[in-house]
Amino acid sequence: MAARGGFSNKLGFIAAAAGSAVGLGNIWQFPYVTGQNGGAAFLLVYIGWIFLIGLPIMVGEIAVGRKAQSNPYGAYKKLGGKSWAYVGLFGIICGVMILSFYNVVAGWAFGYFLELSFGNLLNEQDYSGFFSAYVADFRDNLFFSIAFMVITAYIVYRGVQKGIEGTSKVLMPTLFLILIFIIIYGLTLPNAMDGVSFYLLPDFSLINGRTIYTALGQAFFSLSLGMGALITYGSYISRNDNIVNSAILVTIADTAVAFLAGLMIFPLVFSQGQSPAEGPGLVFVALLGVFQTMGPLIGKIVGGGFFLLLCFAALTSTISLLEVPVAFLVDEKKWSRKKAVSVMALLIFLIGLPSMLGFGAVGAFTEFVSYEGGVKSFMDVVQDLFFVISLPLGGFLLSVFISSKWKTAGLSEEISHGNPSYRGSFIEKFFNLMIVYVCPVVLGAMFLLTVLQKFFG
Ligand code: PFF
């Protein structure tokens, strides 16, 4: 273990895993997806998936990682043999592809933080136009996404304990504080309660097939499941740690931040009479008008605080995404951490270029292909292939792997280290039932439906 590094204790793991889970998915994506899918009704379905499917898969991933003490490729290979190793490799590739576009959006957040805190962003008249021009501006984007990737790479280079754990332990509590501060401020604004009602009073007629499937995809992305990030982090924890407790805490932290992000954003949006269904621009467009009305000083503090929060959340996720291929190269190819980090960060940055250029800078990447009844950008395609479709597929394969190859006895054996009362408990029965029967059916169906809808609909 010494050569690979490891977390110093259970708290270090929880901070890092919660840091991975809490990210743009919670603060940028969750509110806009909830806004587009009916508010409170979506929230309920989402929370259901988190605990029914997300938590058992998370426990499964951490257990596989800890048992094998290896990256996803090595872990599947050790426990399942050569052909299963490809499942791990596919997960690593998904991580690389996800980071390639995630880093671009993180770069926007970074740029907005600087423009808002130190520039003239609050004097703009048309935030929608500003956002479109901003994401199409090649130079700014290049600069900010390089900066974000360099910071990520530096932290990952410093290693599991000093870099990943140390950063997460500081950033996660800070993030909570900023969130709570903005929520309290938002709730004092006029019409804030309309936002609270939209968010918390469910209209069940809004639940349909699309809500159910969108909520499941969102839950997987938000918990960082299906591509081996938690197999990798699981490989750095001690055998005396209680995996179930840690996974429950990470799940609660992730869900709490998503929930609080909604509670922060909807009152702000409603107080300005903006639409909650604005889409991906919700935090970059709708919220800006809100910050503007706060006046120059408070606007800078609250708005700047918000984008700083977004950057922190994104950073603890980008480091987990980069750690996955780095662990693979260190474990399997015996590369030094330094070489693995430098090569992977550069490669992923280059893969992300077409995503960055697909917002108007280069027409061919902006209107890349068409399917699902519309024109898609390069980033849309990468998201569809490596996140929307592949993460539930990764979860499906993990549950099939545990039930057919490693067996639930192997899983129980691993979990019971650090948790002697696990065997025979209700929670053991629940996880086994979910992993053997429910996850394969639900996730398999979800995979097929998504592929059919996207490409053959
Ligand atoms: N969970 C992150 C978020 O919600 O933003 C995204 C993510 C990070 C997905 C790491 C997958 C991963 F391995």
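Me: Helices (H or I, at least four residues) and strands (E, at least two) are DSSP runs, numbered from the N terminus. In which helix is Lys407 found?

Reply: Lys407 is found in helix H18, which covers residues 390-416. Residues are numbered from 1 along each chain as its sequence is written. The model is predicted: local features need pLDDT of at least 70, side-chain atom pairs count only at pLDDT 80 or more, and totals for chains, interfaces and linings use all residues.

Me: Why is Lys407 called partly exposed?

Reply: A residue is buried if 20 or more other C-beta atoms (placed from the backbone) lie within 10 Å of its own, exposed if 12 or fewer, and partly exposed in between. Lys407 has 13 other C-beta atoms within 10 Å, so it is partly exposed. Its phi is near 75°, a positive value in a residue other than glycine.

Me: Where does Glu372 lie, and what makes it partly exposed?

Reply: Glu372 lies in the loop between strand S1 (369-371) and strand S2 (374-376). The count for Glu372 is 13 other C-beta atoms within 10 Å, so the residue is partly exposed. Glu372 is not a glycine, yet it has a positive phi of about 50°.

Me: Is Ala68 buried or exposed, and how do you know?

Reply: Ala68 has 23 other C-beta atoms within 10 Å, so it is buried. The residue is in helix H3 (residues 40-68). Two residues are in contact if their C-beta atoms, placed from the backbone, lie within 7 Å. Leaving out residues up to four places away in sequence, Ala68 touches Gly74, Ala75, Lys78, Leu79 and Ser235. The C-alpha atoms of Ala68 and Gly234 are separated by 9.2 Å, although these residues are 166 apart along the chain.

Me: What makes Phe110 count as buried?

Reply: Phe110 has 23 C-beta neighbours inside 10 Å, so it counts as buried. Phe110 is in helix H5. Residues up to four places away in sequence aside, Phe110 touches Phe144, Ala147, Phe148 and Cys311.

Me: Why is Leu353 called partly exposed?

Reply: With 19 other C-beta atoms within 10 Å, Leu353 is partly exposed. Leu353 belongs to helix H15 (residues 337-357).

Me: The axes of helix H12 (residues 243-271) and helix H13 (residues 282-293) come within 9 Å and cross at roughly 55°. Why is H12 called oblique to H13?

Reply: Axes are lines fitted to C-alpha atoms, for helices over the stretch in contact, and angles run from 0 to 180 degrees between N-to-C directions. Angles under 35 degrees count as roughly parallel, over 145 as roughly antiparallel, 65 to 115 as roughly perpendicular and the rest as oblique. The angle of roughly 55° therefore makes H12 oblique to H13. Ile265, Leu268, Val269 and Ser271 in H12 meet Leu282, Val283, Ala286, Leu287 and Val290 in H13. Eight residues of this contact are nonpolar, one is polar and none is charged. For these classes, Ala, Val, Leu, Ile, Met, Phe, Trp, Tyr, Cys and Pro count as nonpolar, Asp, Glu, Lys and Arg as charged, and the others, Gly among them, as polar.

Me: The axes of H1 and helix H8 (residues 160-187) come within 8 Å and cross at roughly 75°. What makes H1 roughly perpendicular to H8?

Reply: The angle is roughly 75°, so H1 is roughly perpendicular to H8. From H1, the contact takes Gly12, Ala15, Ala16, Ala18 and Gly19, and from H8 Gln161, Ile164, Glu165, Ser168, Lys169, Leu171 and Met172. This contact of H1 with H8 has six nonpolar, four polar and two charged residues.

Me: H5 and helix H17 (residues 378-388) have axes that come within 9 Å and cross at roughly 150°. Why is H5 called roughly antiparallel to H17?

Reply: The crossing angle is roughly 150°, so H5 is roughly antiparallel to H17. H5 gives Cys94, Met97, Ile98, Ser100 and Phe101 to the contact, and H17 gives Met379, Val382, Gln383, Phe386 and Phe387. Eight of the contact residues are nonpolar, two are polar and none is charged.
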